[in-house]
Number of protein chains: 2
Amino acid sequence: MGWPEMSGEDNLLRLVEVEDGDENNYHLQDQVGFILRKAHQRHVSIFASHIGDLTPPQFAALAKLYDIGETSQNQLGTLIAMDAATVKGVIDRLKARGLVEVSKHEVDKRRLLVNLTPEGREAIERLIPLARAITEETLAPLTAKEAATFLRLLAKLA
Amino acid sequence: MGWPEMSGEDNLLRLVEVEDGDENNYHLQDQVGFILRKAHQRHVSIFASHIGDLTPPQFAALAKLYDIGETSQNQLGTLIAMDAATVKGVIDRLKARGLVEVSKHEVDKRRLLVNLTPEGREAIERLIPLARAITEETLAPLTAKEAATFLRLLAKLA
DNA sequence: TCAAATTCATTCGTATGCAAATGATATCAG
DNA sequence: CTGATATCATTTGCATACGAATGAATTTGA
């Protein structure tokens, strides 16, 4: 089997293209950034179907506060990969719902300390089992072995 | 080597925890959603460092129009994984910059056709080589073999 | 054929996400 | 000690992202 309508010289050119991995064509749907964006979208959608009243960033803030206890708004942002402007909005909304409370640092007056309220603690304890199910459903298209490989490589990338 | 300060009963409990994969502790930083979000953030940052005057969604719209030619706004949204509300904003901004033009479908009056302008075509042709570099830099933490595996698994997930 | 359902696009509201500028406070260097 | 730097938080502006509601146009099905 060969390529129709091709002279010998065309065949040589074609071979070069094959060796180059078809680099003259740009396929958006094969680019890591595009697929990464879609995978992230799918995860957020799965998250919303399990936990409708909280976003992933809001959950991340609660989970991290549950893990480490009271901390400054900036430090929390670093731990959950949010810049200062973003974390402020997230904390404002959690505060408005009574899930976290803020206070001023006694020594360093620049810092705003954030901590879970009892309601916030109760919420995160209730939600963590759901979060496990979300992780499971997100990884469901992969076998256990594939999922382990994927998580290892994803972590190297992130 | 054992665990300090543990009686025989404690050791039994500890073994159960190990067998359970430490499932009593929830580690945000190990969850696929959290790492996916960070990997996506890193990619967007790399993208911005190479292509400062266009966002990844804007680039995706141009690249897809370059690939398939004129299409409806809705269809374009489907192809680049954007809902109708999001794609409208993206197209509006590309239109304002003269990179795309819109027209009404002659038969189906509901549809808004979108196409590249000559400037848009010139822009995407200029940018595609940069996009290849962005993909390369995003995948740089992985070996070629790892990258291939990662892309295969990521595609299954997305 | 014609009412119901569907599709396409728009608008509104809410929530990240980040760059840049600003102000307050704290730390460092000479 | 003090001026330069750095850190923490806030604010503004812009750009996705999506649910829900709406209106216009088309397609379907009885």
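1. Thr135(A) counts as buried, because its relative accessibility is 15% and the cut-off for buried is under 20%. The model is a predicted one. Thr135(A) is part of helix α6 of chain A, which covers residues 118-138. Leaving aside residues up to four places away in sequence, Thr135(A) touches Gln31(B) and Val32(B).

2. Asp108(A) sits in a loop of chain A, between β2 (100-104) and β3 (112-116). Its relative accessibility is 14%, so Asp108(A) is also classed as buried. The side chain of Asp108(A) forms a polar contact with the side chain of Arg110(A), at 2.8 Å.

3. In chain B, helix α3 (residues 56-68) packs against helix α6 (residues 118-139). The angle between them is about 110°, and their axes are 10 Å apart. Because of that angle, α3(B) is roughly perpendicular to α6(B), the range for this class being 65 to 115 degrees. The crossing of α3(B) past α6(B) is left-handed.

4. Which residues make the contact between these two helices? From α3(B) they are Phe59(B), Leu62(B), Ala63(B) and Tyr66(B). From α6(B) they are Arg121(B), Ile124(B), Glu125(B), Leu127(B), Ile128(B) and Ala131(B). Sorted by class, the contact of α3(B) with α6(B) holds eight nonpolar and two charged residues, and no polar ones.

Notes: Residues numbered from 1 in each chain as written. Chains lettered and ligands numbered in written order. Predicted model: local features only at pLDDT ≥ 70, side-chain atom pairs only at ≥ 80, totals over all residues. Heavy atoms only, no water. Axes fitted to C-alpha atoms, helices over the stretch in contact; angles between N-to-C directions. Helix = DSSP H or I, 4+ residues; strand = E, 2+ residues; numbered from the N terminus. Parallel < 35°, antiparallel > 145°, perpendicular 65-115°, else oblique. Left-handed = near helix turned anticlockwise from the far one by under 90°. Contact = heavy atoms within 4.5 Å. Nonpolar A, V, L, I, M, F, W, Y, C, P; charged D, E, K, R; others polar. Buried < 20%, exposed > 50% of the residue type's maximum accessible area, 1.4 Å probe, protein only. Polar contact = N/O pair within 3.5 Å; in protein donor to acceptor, adjacent residues only side chain to side chain.
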